[in-house]
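I set out below what I looked up in this structure, entry by entry.

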Amino acid sequence: MRKTWVLLAALLATAGAVLFLTTTPASAAAIRVMPLGDSITGSPGCWRALLWNKLQSTGYTDVDFVGTLPAQGCSVPYDGDNEGHGGYLATNVANQNQLPGWLAATRPDIVMMHFGTNDVWSNIPPATILSAYTTLVNQMRASNPAMKILVAKIIPMNPSTCAECAQRAVNLNNAIPGWAATTSTQQSPITVVDQWTGFSTSTDTYDGVHPNAAGDQKISDKWYPSLVNALSGVTPSPTVTPTVTPTVTPTVTPTGTGGCTATYKNVGQWQGGFQGEVTVKNTGTGPMNGWTVRWAFANGQQISQIWNGTLSASGADVTVRNVSWNGSLAPGATATFGFLASWNGANTDPAPTCA
């Protein structure tokens, strides 16, 4: 009988050890970082690819970029998840309560925010933009009371269609440090990252607004030290797998001929204006070295701003061609461009074709 109890005790001890080994986490959770903003962050926002790879090469391998939007190319492997919504205004995102859903789906520990370019373009006063910033910060802290928040002084802008935008950007940037100082807390600090100084619209953008390769490198270099500082001392939040994955159903079935299709989506509209988005896909079996998308507006709509594409318009007829960095598509690959436009009375979705 004694031998039986000794054997049973040994088996129980072994089982306990096995149970301990199988329930102990293999490694610490990654720190989740959300890049938040507009097309400068996400369309394609290749500064994120540069920043991600610099973090990896300098030993910061426990970082997970998060967002409900996927990567959009950039020609190098990287963690491309983001919340860079082309054409979005910070004021609209705040007023329409869009951020809480993105936060709930991704649960970031750190937010990197470069937001306000489209607000400046729309001549929204700095005080109104900063009020929207405050709303967004409060939503971040509701998601994670210890959220670390990096807020950029936005890069300069000098579009050909907005002579006043350059000074408007300066006015916003001048107001950001004071706002940050009064909004920052010890538990959830706000760090201002100066993306404006040293950035040139003539050499670092391809259209006076959106960064080219040189601009992407400058943006990455500016984010890096502040993000590294923010990573220090962060305790990652428990990982939660969202039960619902956000999806967007295109409003128009893709059309096109040969190896190229174009899918149109009305991202959102308001009185007198709307935002459209077109996704180009290479459906052929070989690489595509350029694309052209065409459609005709049925109700007199007129495009006022476009990103990630080169616009030609004549009356109702619209032609958009790729820009230098998004024309080469491997089989199955996609590129997306967006625009802002006016409408009056009716806003029928166009049916784009691609060649």
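This is a predicted model: local features need pLDDT of at least 70, side-chain atom pairs count only at pLDDT 80 or more; totals for chains, interfaces and linings use all residues.

Entry 1, the chain as a whole. Residues are numbered from 1 along each chain as its sequence is written, and side-chain values use heavy atoms, with hydrogens and water left out.

I recorded 10 helices and 14 strands in the protein chain; helices (H or I, at least four residues) and strands (E, at least two) are DSSP runs, numbered from the N terminus. Of the 355 residues in the protein chain, 46% are buried, a term for under 20% relative accessible area, with exposed over 50% and partly exposed in between (1.4 Å probe, protein chains only).

I examined helix α7 (residues 126-143) and helix α8 (residues 165-183), which pack at an angle of about 40° with their axes 10 Å apart. Axes are lines fitted to C-alpha atoms, for helices over the stretch in contact, and angles run from 0 to 180 degrees between N-to-C directions. The angle makes α7 oblique to α8, since angles under 35 degrees count as roughly parallel, over 145 as roughly antiparallel, 65 to 115 as roughly perpendicular and the rest as oblique.

I then listed the residues in contact. Those of α7 include Ile 129, Tyr 133 and Arg 141, and those of α8 include Leu 172, Ala 175 and Trp 179.

I traced four strands in an open, antiparallel sheet with the order β11-β12-β9-β14; two strands pair if DSSP finds at least two bridges between them. β11 (310-314) and β14 (353-354) stand at the edges with a single partner strand each, so one side of each has no neighbour in the sheet. β11 pairs with strand β12 (residues 317-321) in the antiparallel sense over five bridges. I noted Val 318 in β12 as the bridge partner of Ala 313.

I located Asn 118 in helix α6 (residues 117-121). Asn 118 counts as buried because its relative accessibility is 4%. Leaving aside neighbours within four places in sequence, I found Asn 118 in contact with Asp 38, Gly 87, Tyr 88, Leu 89 and Gln 305. Tyr 88 and Asn 118 are 30 residues apart in sequence, and 6.7 Å apart in space, C-alpha to C-alpha.

Note on methods
Contact means heavy atoms within 4.5 Å.
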